[in-house]
Amino acid sequence: MTSLYEEVSVTPVDVPVRRVTITVNGERRAADIEPRLLLAHLLRQGFGLTGTHTGCDTTNCGACTVLFDGRPVKSCTMLAVQADGHSVETVEGLASASELHPVQEGFKEEHGLQCGYCTPGMMMAAKALLEENPDPSEDEIRWALSGNLCRCTGYQNIVKAVMWAADKMRASAG
Amino acid sequence: MTIDEIKIGGMGASRRRVEDNRFIRGRGNYIDDVALPGMLHMEILRSPLAHARIRSIDVSKAWEIPGVRLVLTGDMMATRNLAWMPTLSYDTQAVLATDKVRFQGQEVAAVIADDPYIAKDACEAIMVDYEPLPAIVNPMQAMADGAPLIRDDKENQPDNKVFDWDVGDREATDRAFAEADVVSKLELHYPRSHPSPLEPCGSIADFDRSTGKLTVYMTTQAPHIIRAAVALVAELPEHMIRIISPDLGGGFGNKVPVYPGYVISILASILTERPVKWIEDKTGNLISTGFGRDVYLQGQMALRKDGRILGVRMHTISDHGAFFSDAQPSKFKIGLMHSAFACYDIPSAHLTATGMYTNKAPGGVAYRCSFRVTEAMFFQERMVQAAADDLGMDQAEFRRVNFVRDDDFPHRTAFGFLTDSGQYGKCLDVGLEAIGYEQFLKDQEEARKKGRLLGIGISTMTEPLGAGNSREYDILGIKMFDSAELRVHMTGKAILRTGAKTQGQGHETTWAQIVAHELGIPADDIVVEEGDTDTAPFGMGTYASRSTPVAGAAVAMVARKIRAKARKIAAHLLEVSEEDIEWELGRFYVRSQPDRGVTIQDCSMAAYSNVPDGMEPGLENTAYYDPPNLTWPFACYIATVEVDPETGVWDVLRMVAVDDCGVRINPMIVEGQIMGGLTEAYAMASMQFITFDADGNCVGSNYMDYLLPTAWETPGFELHEVVTPCPHHPIGAKGIGECATVGGPAAFVNAVMDAVKHLGVRNVDMPLLPDRVHQAVTTGNDVSGMPPVRTDAP
């Protein structure tokens, strides 16, 4: 072994932490975190919810989109402490134990994903749209998803997926 | 009791994707989702300058930060002989800079710490003293007299040239030009772009001293090539290296090369004896990893008055950045650029190519492209339109006159490729019919009278997909075949593994469909695994649309081996000789008694419980497939646009795509591939490029500056198909993943040029940004934006 490893610093980490309490997918969860920790990183590394992806670090790609008190936000540019006392919904909260959310079904049925990396953020943005507008036009869908990038599909099937979900949600709402 | 192939998810079924079940639940397993006990985190410090000598690096402040475990610089890498590594194109590339930095974003130091935030803090604490040097940002500067020498690390490298190369028949081409009635000329630049999968690159190296085994999770499209490269670079025994490529958040060629970050994380894990995770950020990905294109193309076409093309000359000047690390077959210096004009019956052609080093990121990867085919086909279709305009011929008719005819296959192209099948004229007709060509020309004429600028652009092309054959195609000497291993279990369920690596193409779904087609086992009964070198058979990976042509063929061939053995078992079970056995999907029967039969599942059960005397038990096999030729899909893309003369903004009115990729395994997935490709084509035509300022600063180092189309800008697509089966592929399939990216850009650009050509404009370089189009419309001049080019070439 070279001497490189022997030079390793093992000074214990000593940083100030703050306690946050966040309702994540309906469950209240607490964590002691560094104030600079990003919400996306708390969800992924702190709570093990790795379905929320980080793509660009600059709020452009939308892979990290989660619902914050029901509104879509990009969790890569939000501090976790800002979520203290609020509710966050991630892709892991979409399906119930027995049933997929219509948006999830729509993405599968209409081939709205390929590599799957943008998909969780895309589906969260779509869910927020459909809760506000149950019968969106193609243009309305394209506009609502324009904060989310996809490099694989060309969006056409994503639009169809959201329409599929809208149809199903309206049908079951009767 | 005949099995309905569509019902069991066989060939032709638009089977819903198996992999979606985890992706829609957020249960994918991408590189950053992998967490190992005791894992440390690595961050890379990158050069802010494009060209500079390193005077000194002071890492002492970084070491003082609590939680820092290791700081690595080039000098430390050099003690392990790892400061430099070989590239996939027989060049060398710095892992961590020792002498100079040669592009902005080059890796200078690395910190390994308890968490990624600490590693980032420590990187900022490293002090590097640079002596700036003049930066070279395009190949013309690089070849100028007295240009600074970029690669002064290399012996026998007196200048900045990477290669001179040529292919074709110069004399025959000269004769064709001497006989020409008309000579058309065109010069253009295919700008640098970045594949930019949404997920950046990363690795987790885990060296276990107790076993001597190195496991590396890595974002790679070609795990087995990486294993070989790591064995050679790190001098580790190959059987002690396991590369696992988890779910990939897109690849598009960007995840083929070996990157310094991978190598550094491996050494860091060996030194710390802890797993070390490196996750690149988006800026790191955009400024340092494999880009695409960046080629200046010049050409001439010798024409007869009746419209026949007599010969073509091409000259390319390519910008390879600071290290020649193109991922491409070693025999061809400028990839398969000479596949240009393959769909046209042209007697002679000659291509000269010059490659240059510059102070820009290395790469030249096949960005959704079969090795420079994108540049080739773009130039081809821009040249074809220019030639048709010069002759005053209709652009569709000019193509039709020069197409290789359906009964002329196999056809040897002027550059030496062998194309084997196609119905080019039919594809064009389907496209023209779909777009309403004649009516559009009338509408265009009417609109022009009112000052509206409408245009129609056609792009037709055949491209070589699916390298090998292994006689001509290798990477670092490793032949470009591929493989599949199929294990059929006792109950007739099965596991299939291949040497390819899916990144969104849906292999887990489609490979099972090929097995279902060959064996009649329902696709749902077959699980597909890829990406783990300890379990998958050796393969060259997934890029250049080679999965279906090569690995997909291996899947069919291994299933046929299984069927051949099952036939012997069936004969044993039915107590007849093998010659008396017939096959229908999923079942063997006695020829004279069709009701007497056994299913493939009966045979698999017997393979483990009732084997004939003298037969090896079990039902599994492996196939290595070396294709006899490339596959040659054909495509016709037609775009119509309207250009706003006031602003230079252009809108796509319609985009029609006619693709002939032979037999379609899963039509839904094929159409998904085409639409994705068309979007990248639109992106390159309209907005997506990486450029540099005079100091070599990358303009486009994040998604605020590097524009990618969203759902809002992306036009709708209308898809059509023609099916000409590949004559040599076992299931008649051809590659498809990249056709639209390759052929699409010219359709958009030709459409915009068609809208403005009456104003005297012949070329606007991509991307067709509004200001460029506006300038062309208002001045009537080309906006090529090219730095001065050689006047003596071609």
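Predicted model: local features only at pLDDT ≥ 70, side-chain atom pairs only at ≥ 80, totals over all residues.
Residues are numbered from 1 along each chain as its sequence is written, while chains are lettered from A and ligands numbered from 1 in the order in which they are written.

Let's start with chain A. Its assignment gives domain 1 (18-93) and domain 2 (102-173), with bounds from an automatic or database domain assignment. Their C-alpha centres are 21 Å apart. Domain 1 of chain A puts 15 residues into the contact and domain 2 of chain A puts in 11; contact here means C-beta atoms, placed from the backbone, within 7 Å. On the domain 1 side, strand 3 (65-68) and strand 4 (71-74) of chain A each give two or more residues, and strand 3 has the largest share, with 3 residues. Strands (E, at least two residues) and helices (H or I, at least four) are DSSP runs, numbered from the N terminus.

Now chain B. Here we get domain 1 (20-27 + 482-625), domain 2 (34-133 + 200-248 + 255-288) and domain 3 (292-467 + 629-779). The C-alpha centres of domains 2 and 3 of chain B are 37 Å apart, and their contact takes 20 residues from domain 2 and 23 residues from domain 3. So which element gives the most to the domain 2 side in chain B? That's helix 9 of chain B, with 5 residues. Strand 5 (92-94) of chain B also supplies at least two residues there.

How values were computed. Contact = placed C-beta atoms within 7 Å.
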